[in-house]
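Me: Could you take a close look at one residue and its surroundings for me, and then move on to a few other spots worth a glance?

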Amino acid sequence: MKKHYFFIGIAVLTVVAIFFTCTQPNMTTSGGEAISDTESGETILQVRIHDEPFKKSGKTVEELNITIVQVDIIRSSDGAKITLSEKEQSMDILKISKSDPVVLSTVPVEPGQYEQLRLIIKDNATIKVDGEVFPITIPSGEQSGVKLKGPFTIPKGKLFRLDLDFKPEESVLYNKGQGYKMKPVIEISNTAQIVGIFRGKMEVASAIGDSETLIQLRSDNSARIKVSRYPDYEMTCNYSYNSLTRQLKMNNIDIDLPSDMPSFVKDKVKEKIPDSINLPIKEWSLDSLVAVDVGGKTIKLYRVGSFDFSSSITYSHFTVTVVYPNLSMDEKVVLTEVYFDNGAPPLMDIKRLDRFTATHNFTVPDSHIMDSSVKINIVSYLFDNIDNLNFDVGKYGGDYMVGMSNSYYKESTENPWKAKNLYTLYRDNRKPSDKDNNFVVNFEKRLNIKMEHNNFTNDNPVVSWDKRDDAKHGYLVLVLVPDREKNPNGDDDDGSDI
């Protein structure tokens, strides 16, 4: 068997590296709902706050600055106070929208029922009205705190969020003699099921143009992501955005792999998916735009109406049928790679032999073909033991990919004694006929050598072999040498020393 080491174009890590990252526990849906299990089995409570601008008595309130110094929750069973955060956080809450909230705390708590949430607010609040700044008092804000009545039932082993919706018009009072006063009215709010769907260009390489990224953000803090280079793969994860640090954090990353991909390959690929990724955000305006910093380059994703690539993204399809000359390798694994003559990233698929054949169905962006057609080289590798097939993370043309690495294959369709067999791949709308874009790749028929003598020391052995239909006249030279040790390679079935 031969040792092979190189990287190939599985989409999985490309999709992950192109866009997102995940850290921290999953941030749950608003309205105090639990949305998913935590990885550790802990119960996690998150508290967030948001608001909208407003007018008061015909005047425009431009700022409402507060500082939250402590967040507490009161347990129903015994009235115990549990402090969730003592971090001092200053904010203009009028600039904190539902799509861009401030996370006040994310901590483990005991599951059960809680009767009240308290926000301790520092006595330094100000309000800016028509360009003029005034102090605003918050009765009991710094002593007993602003109280939010429950009950809140927090389930075991879940991520649970309290999403606080500050109602400014109901909260701010004005008295001509006493000035501005705030008696905060805060409710638990629900957000839309889909926060937004965004689409943007991503430069892949100048030779093959741009790809597109799609992302759907949901109110339960889950996300869907697709990249047009690999339309058969979809990434899902959970996200949270911190508007103070301007960091997008994502975790629980998963890839929806093709259903016909062997399970052992899925397991190997998923081992290479990172647990979390973290990206800086250049702009976070969910009404129109999300701009992400990827490797020092800003990718702008604009809001669109549906989770679809633009009409400019088109695809072609082709089939590769791999043929083995006999039944000896039935159900063994075949890995097939397609290389593009124009330097576009290669494609890869894995199937098991079904008697004589393994059939691969490929979808390729038309940007890989560019003109009406492109030359491709197809190479297949046969593994008689799936443990000899391994994957690793590497780069191809600057993109991160998961690929076959440090693997031992039994046979390959690539013959070093022959020139590469290039095929012509047409765009779907440029195919001369329906027979095109269906390729057959053959493993070479092996020479079956027979020796009909048991004693090689006294007489010349009788040697014969199966005749090949396409074989021409030639010579066969056999050199028999004794093994230095008994069966060193583990490939002598008869136990002899030859």
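Reply: Thr-67 touches Glu-88, Gln-89, Ser-90, Ile-120, Ile-121, Lys-122 and Asn-124, leaving aside residues up to four places away in sequence; contact here means heavy atoms within 4.5 Å. With one of these, Ser-90, the side chain of Thr-67 makes a polar contact of 2.9 Å (a pair of N or O atoms within 3.5 Å; within protein, one must be able to donate a hydrogen and the other to accept it, and residues adjacent in sequence count only if both atoms are side-chain atoms). Thr-67 sits in strand β5, residues 59–75 (strands are DSSP runs of E, at least two residues, numbered from the N terminus). Thr-67 counts as buried because its relative accessibility is 4% (buried is under 20% relative accessible area, exposed over 50%, partly exposed in between, with a 1.4 Å probe and protein chains only).

Please keep in mind that this is a predicted model: local features need pLDDT of at least 70, side-chain atom pairs count only at pLDDT 80 or more, and totals for chains, interfaces and linings use all residues. Residues are numbered from 1 along each chain as its sequence is written, and side-chain values use heavy atoms, with hydrogens and water left out.

Now for the backbone. Asn-252, in strand β21 (residues 247–256), has a positive phi of about 55° although it is not a glycine. Asn-252 is partly exposed, at 27% relative accessible area. Met-370 also has a positive phi, near 65°, and belongs to the loop between β28 (357–365) and β29 (373–383). At 43% relative accessibility, Met-370 is partly exposed.

Notes:
Helix = DSSP H or I, 4+ residues; strand = E, 2+ residues; numbered from the N terminus.
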